[in-house]
Amino acid sequence: MRAGAEKRLPIIPRRRLTASILSVAAAVIVLIAVAGFLGGYRINQTPSEALGLWRIVPLHRPPGVGDLLFVCPAGKAAMPEARARGYLRSGLCPGRVAPLIKTVVAVAGQHVEIGAEVTIDGRALPSSALAEHDGKGRPLRPFPSGVVPDGHVFLHSSFVGSYDSRYFGPLPASGVLGLAQEVLTYAP
């Protein structure tokens, strides 16, 4: 080497470097998403419960009143219309919908009366006034009153615009994925 001559390292073209960095970043994001999904983590984007990161915790007993659950809403006649109206997001539950996060307010054998508000076994359910129309002015039909059948749960959210059992009725407990546990959330 001559005196004063600099040794030059090969230069990676900027486009190749940028493409490499973006590929690695995309792979990391995909790995985090897959690990989160397999670990039971979900992102809630609806205001029925706090927005943010939640975890599905296995439930090793029948669901009970007061349990906050992740549940697949499939199997109800009202679900295709709810999906078409945008009440349900895309997901991996049957019917290609995302699981709901709702609180169990009645279980098998309890009588649910749906009028201007919901009563369960004669007691008024707080924050259960029914809406006649959704946010776009479309009519909402309440579910008929009755006794929660065996193997079903009646679900509720205190959020005014929640689409819950007031409108679609009790859901099969077999659709329960587990308890809903907040991880990193915020209330809008």
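A residue counts as buried here if its relative accessible area is under 20%, as exposed if over 50%, and as partly exposed in between (1.4 Å probe, protein chains only). What you're looking at is a predicted model, where local features need pLDDT of at least 70, side-chain atom pairs count only at pLDDT 80 or more, and totals for chains, interfaces and linings use all residues. Numbering starts from 1 along each chain as its sequence is written, and side-chain values use heavy atoms, with hydrogens and water left out.

**Overall layout**
- The protein chain has three helices and twelve strands, taken as DSSP runs numbered from the N terminus (helices are H or I, at least four residues; strands are E, at least two).
- Take the contacts (heavy atoms within 4.5 Å) between residues at least 6 apart in sequence: 62% of them join residues at least 24 apart.

- Seven strands line up as E1-E2-E12-E3-E5-E10-E11 in an open sheet with antiparallel pairing; two strands pair if DSSP finds at least two bridges between them.
- Strands E1 (41-44) and E11 (171-172) sit at the edges with a single partner strand each, so one side of each has no neighbour in the sheet.
- Four bridges join E3 (residues 68-71) to E5 (residues 100-107) in the antiparallel sense, and Leu-69 has Lys-102 in E5 as its bridge partner.

**The aromatic cluster**
- There are three aromatic pairs in the structure; rings of Phe, Tyr and Trp (its six-membered ring) pair if their centres lie within 6.5 Å, and planes under 30 degrees apart are stacked, over 60 edge-to-face and the rest tilted.
- Tyr-87 and Tyr-163 make a tilted pair, because their ring centres are 4.8 Å apart and their planes meet at 40 degrees.
- That pair links distant parts of the chain, 76 residues apart: Tyr-87 is in the loop between H2 (79-85) and E4 (90-93), and Tyr-163 is in the loop between E10 (152-156) and H3 (165-168).
- Tyr-163 also stacks with Tyr-167, at 6.1 Å centre to centre and 5 degrees between the planes.
- Tyr-163 is buried at 11% relative accessibility, and Tyr-167 is buried at 6%.
- Ring pairs tie Tyr-87, Tyr-163, Tyr-167 and Phe-168 into a cluster.

- Val-183 lies in strand E12 (residues 176-186) and is partly exposed, with a relative accessible area of 42%.
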